[in-house]
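I opened a new notebook page for this chain.

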Amino acid sequence: MNVNCTYCGNPAGCMSSKEWYGRDYGSNIYYCRPCDAYVGTHKGSFTPLGTLANKELRALRSKAHAVIDPYWRRMGYNRKTVYRLLGEYMGTAPNDTHIGMFNNEQCQKVIDGFQAFMKKPVKTG
Ligand SMILES: [Zn+2]
């Protein structure tokens with residue numbers, strides 16, 4: 001697949017998780033070295049999970065996941081429902097409602113307000 005870097009627009013390189021991490025997860029990594037940006041794929045796939053992310057965006061995406069995932073992982077929500085509500089909150093189309101697609105501002109919006117939108121705080125622990 002042809003994937004371009006989010007930041008510089010140059011074509012991203014691609015290597016296996018084994019080459020990238022030194023461990024074989026069966027997935028692949030698209031990367032741009034000059035921008036320190038990358039994104040993985042599902043196991044056995046060459047379709048990126050989203051757009052390439054630099055260090056700052058990777059940290060924001062992981063925080064956004066920490067806000068969203070508990071709702072379907074351990075608070076009894078259906079995963080689809082959580083993402084439908086997330087799309088409502090973000091004003092994004094279903095195909096664009098993935099943390100892997102979100103930019104810095106969108107991740108920040110999730111972190112800042114999604115729990116309040118859900119009217120149900122995330123249980124800790
Ligand atoms: Zn780049």
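Entry 1: a term to settle. I call a residue buried when its relative accessible area is under 20%. I also note that this model is predicted.

Entry 2: the whole chain. I counted four helices and three strands. I then read them in sequence order and wrote down β-α-β-β-α-α-α. The C-alpha atoms fill a box of roughly 40 × 30 × 25 Å along the principal axes. Of the 125 residues in the chain, 40% are buried. I also looked at contacts with a separation of 6 or more, and 41% of them join residues 24 or more positions apart.

Entry 3: In what order do the three strands of the open sheet lie? I found the order 1-2-3, with antiparallel pairing.

Entry 4: the pairings of strand 2. I took strand 1, residues 13–16, to begin with. Strand 1 pairs with strand 2 in the antiparallel sense, over four bridges. In this pairing G13 has Y31 of strand 2 as its bridge partner. Then I turned to strand 3, residues 37–40, which also pairs with strand 2 in the antiparallel sense over four bridges. C32 has A37 of strand 3 as its bridge partner. Y31 stands opposite Y38 in strand 3. Between strand 2 and strand 3 the hairpin has four residues, and D36 takes a positive phi near 50° there.

Entry 5: the cover over strand 2. In a regular strand, side chains alternate between the two faces of the sheet. Are the faces of strand 2 buried or exposed? On one side I found N28, Y30 and C32, and on the other I29 and Y31, and all are buried. Strand 2, residues 28–32, thus has five of its five residues buried.

Entry 6: a loop residue. I stepped back to S27, in the loop between helix 1 (17–21) and strand 2. Why does S27 count as buried? S27 has a relative accessible area of 12%, and buried means under 20%. Which residues does S27 touch, leaving aside its neighbours within four places in sequence? I listed S16, S17, T41, H42, K43 and G44.

Entry 7: two helices. I compared helix 2, residues 55–74, with helix 4, residues 104–118. They pack at an angle of about 20°, and their axes are 8 Å apart. Helix 2 is therefore roughly parallel to helix 4, because angles under 35 degrees count as roughly parallel. The crossing of helix 2 past helix 4 is left-handed.

Next I listed who meets whom. Helix 2 brings E56, L57, L60, R61, K63, A64, V67, I68 and Y71. Helix 4 brings N104, C107, Q108, V110, I111, F114, Q115 and M118. What kinds of residue make up this contact? I sorted them into 11 nonpolar, three polar and three charged.

How values were computed:
Residues numbered from 1 in each chain as written. Predicted model: local features only at pLDDT ≥ 70, side-chain atom pairs only at ≥ 80, totals over all residues. Heavy atoms only, no water. Axes fitted to C-alpha atoms, helices over the stretch in contact; angles between N-to-C directions. Parallel < 35°, antiparallel > 145°, perpendicular 65-115°, else oblique. Left-handed = near helix turned anticlockwise from the far one by under 90°. Contact = heavy atoms within 4.5 Å. Nonpolar A, V, L, I, M, F, W, Y, C, P; charged D, E, K, R; others polar. Buried < 20%, exposed > 50% of the residue type's maximum accessible area, 1.4 Å probe, protein only. Pairing = 2+ DSSP bridges.
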